[in-house]
Amino acid sequence: MAALGLWGGHRSQPALLHAVSGLAQLQLALLLGAFALLAAAFLQDDFSVLYIAENSNSSLPWYYKISAIWGAHEGSFLLWTLVMSAWTSAVAWAGGRLASDTGNYVLGTMGLINAHFLLYLLLASNPFLRLVPNVPVDGADLNPVLQDFGQIVHPPMLYVGWLGFSVAFSLAVAALLTRRLDDDWANLVRPWCYLAWASLTVGIALGSWCAYHELGWGGWWFWDPVENASFMPWLAGTALMHSLAVVRKRNGFHHWAALLCLVTFSLCLAGAFLVRSGVLTCVHAIASDPTRGVMLLAILCLVAGGSQVINAVRYRDMKPPLGFELLARETLLLINNLLLMTALGTVFVGTMFPLVYEALSGGGRLSVGPPYFNRVFLPIMCVLVGFLALAPILRWRSTPASLAVAAWKPLVMAAAAGVAIPLLVAGWITFAAVAAYSLAGWVIWTHVADLARRRRSAVTIGSITMIAGHLGFAVAVLALASAGPYSHVSQVRMAVGDSAELNGRRYTLAAVEDTQGPNYLATRGRFEVEGRFIEAEKRLYTPRDVVTTEGGIGHGLFRDLYVSMGEPFDDGSWGVQLQEKPLIRWIWAGAMIVAIAGILAAFTSGRLPRAPSFAGESGRQQSKSGGRAATARGHATSGPV
Amino acid sequence: MNPIRKRRLQLIVFALAGVVATAAVSLVALRQNIDHFYPPHRIVSGDAPVEVRIRAGGYVEPGSIEREAEGLGVRFLLTDRAGASFQVAYDGLLPSLFKEDQGSIVVGRLAEDGLFKADQVLARHDENYTPPELKDLDTIP
């Protein structure tokens with residue numbers, strides 16, 4: 001508890017615009033201390049702390065006790081400030097090359113942001129509030145849905161990504177204030193932006209994997225507002241990275257890039273507001289409290305509004321427009337940015353529309369279904385993938401037309417493969433799937449061809465990370481186009497000994513047995529499929545008296561078999577959902593490739609000699625997510641909420 | 001007009017056209033894919049449109065869950081606990097947290113005879129969470 005007082009004294013940090021580095025480290029140390037205190041209290045089952053009493057239980061395994069720290073609002077906000085402080089201190093530590101005024105502005109901005117967060121933490125969501133004198137005997141337990149490995153890693157990664165963009169944000173503010181918005185600035189922003197973006201990519205992919213793995217029904221993307229909240233900054237961040245390439249290589253798009261820095265971080269905060277204030281009808285509304293929402297909204301307005309004011313005031317220092325031809329990488333990156341921002345706009349509209357409608361109609365409720373997102377967002381992403389294929393072909397400034405025209409041949413071949421392969425494997429095709437297959441195949445072709453060509457000339461780390469990032473994205477798109485339309489699902493009623501068939505595979509319910517975990521009772525169904533067993537469980541978490549479904553997954557390189565148990569019937573039979581999901585692992589594998597490429601790019605930029613007309617880590621990663629959403633479609637209908 | 005300006009203008013026109021087209025498509029898609037929510041009393045009173053995809057919700061009336069002897073078919077009543085209730089028919093697995101007396105949201109179509117044919121049944125995420133639509137049930141007269 002002593003740490004609280006220390007934080008309070010610490011909030012004067014933004015006022016001291018000099019020697020803030022030391023303070024940033026101190027802030028990190030203090031927050032780490034506070035975090036460690038909370039962790040220790042969790043491990044010792046100190047139920048006199050309200051937050052622990054509500055979110056832990058003595059029977060909870062130790063690793064979930066740790067992850068329970070960020071299992072609900074207060075603790076996750078402590079983690080949030082800790083991550084923010086870690087980024088600040090990283091900037092202070094690595095910021096030797098910053099000019100003193102830039103450095104001060106950056107650290108000052110970050111300190112100011114975190115000061116708001118800390119104030120909010122103290123006033124509206126203090127995780128250390130005590131329950132004295134009526135200390136409960138045992139805690140209420142962590143929400144069972146969060147008791148999963150993925151949920152240990154997913155929120156921290158997401159926070160690292162979200163808050164990492166605060167560095168780009170602060171650098172943009174500093175550059176606007178010092179009027180030094182140039183290619184040096186872009187070089188400064190780039191590694192931070194890539195790191196944050198890679199973390200966010202991992203965070204989103206983990207979230208999707210968690211949903212698939214833990215919710216028990218095989219859904220992995222729902223176009224839920226909470227998912228959109230993490231996805232929108234990702235889209236803006238992707239656009240930002242690509243526009244930074246133009247700033248660095250061609251000294252253009254400065255204001256656009258700076259604006260994207262501001263927008264990306266504002267969207268991160270907007271995401272936090274949407275998630276935490278409970279304004280939305282959504283699957284995940286774990287923490288909802290209107291007063292908190294108002295405070296978060298105030299922070300959001302301050303950050304977004306304040307930064308835009310700075311931007312507007314400084315907008316006059318325009319550089320002359322950049323000259324380039326139509327067939328140039330600049331055009332491609334411009335299109336990339338336009339498409340990403342349009343896609344962002346459509347997601348934003350779909351997410352906010354119910355809120356606006358409710359406000360305007362005086363309480364009318366409606367929801368925007370996944371079909372909206374699939375119909376609007378996916379075509380945009382398809383176009384984006386199409387342009388992506390040209391990325392390794394087009395050069396800066398101008399490109400010989402013959403090079404671009406030559407790219408038609410691989411497109412035709414990819415399209416042929418895109419029609420033939422699904423016809424051979426599945427026996428039927430859809431337009432959307434063929435479009436996605438063909439375009440992604442085209443991307444793979446042009447990038448691999450580029451790599452092969454480069455082996456003879458120069459291969460730079462920049463070009464490798466770009467190609468790897470784009471290839472990862474293409475892999476994810478291929479997986480999405482498969483796992484979406486080519487999934488099979490069926491719901492049946494099965495007693496022990498019964499069999500059911502799905503897509504030519506025979507599932508037999510071999511046995512149903514009772515079992516027990518540290519804090520739950522379970523009924524386990526053993527299903528035999530092609531000689532191997534898949535075990536699905538229905539669990540009753542005793543401390544909260546909550547039932548969860550643990551899907552049984554038969555993992556495979558090319559397809560997952562997914563069995564979920566519904567409810568038991570009076571005659572002893574069970575409702576069972578059988579699913580087959582082709583290539584689904586590759587969605588997350590693709591995302592991981594993209595993220596690794598991003599991290600690699602972040603750490604290698606400074607050391608490479610510049611190769612202005614060529615190469616470069618320009619058009620990097622559109623990354624996966626694009627179409628991931630594609631397929632939230634069919635399944636999950638009756639599933640989890 | 002100098003060539004750079006001209007190019008710029010072309011780009012802007014092109015981008016604007018794209019944005020307008022996207023906005024148009026979005027609006028159409030939005031119009032087709034929004035599901036309005038109706039509480040039980042508005043279903044009973046006949047306010048809710050028939051054979052249109054809507055969301056409805058209420059609390060599961062205790063003792064009202066009837067299962068078919070074969071298959072997964074199930075029927076139950078959703079009530080606002082203030083006298084209005086309607087019957088839901090659903091053919092599929094119910095979510096884990098679907099229970100008597102608990103809030104539930106159904107998505108589907110209302111038939112002429114007042115039976116709600118659901119193709120999705122959603123229940124609460126955890127015991128502290130009530131879907132916002134159901135919170136209103138306690139305040140709507």
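Reader: What makes the crossing of H8(A) and H9(A) left-handed?
Author: A crossing is left-handed if the near helix is turned anticlockwise from the far one by less than a right angle, and right-handed if clockwise. H8(A) passes H9(A) in the left-handed way. This is a predicted model: local features need pLDDT of at least 70, side-chain atom pairs count only at pLDDT 80 or more, and totals for chains, interfaces and linings use all residues. Residues are numbered from 1 along each chain as written, with chains lettered from A and ligands numbered from 1 in written order.

Reader: Why is H8(A) called roughly antiparallel to H9(A)?
Author: The axes of helix H8 (residues 183-214) and helix H9 (residues 225-250) of chain A cross at roughly 150° and come within 9 Å. Angles over 145 degrees count as roughly antiparallel, so H8(A) is roughly antiparallel to H9(A). Axes are lines fitted to C-alpha atoms, for helices over the stretch in contact; angles run from 0 to 180 degrees between N-to-C directions.

Reader: What makes strand S2 of chain B largely enclosed?
Author: A residue is buried if 20 or more other C-beta atoms, placed from the backbone, lie within 10 Å of its own. Seven of the eight residues of S2(B) (residues 53-60) are buried, so the rest of the structure largely encloses the strand.

Reader: How do you know that S2(B) pairs with S6(B)?
Author: Pairing needs at least two DSSP bridges between strands. S2(B) and S6(B) (residues 103-110) have seven, in the antiparallel sense. Ile54(B) stands opposite Gly108(B) there.

How values were computed
Helix = DSSP H or I, 4+ residues; strand = E, 2+ residues; numbered from the N terminus. Parallel < 35°, antiparallel > 145°, perpendicular 65-115°, else oblique. Buried ≥ 20, exposed ≤ 12 C-beta atoms within 10 Å, placed from the backbone.
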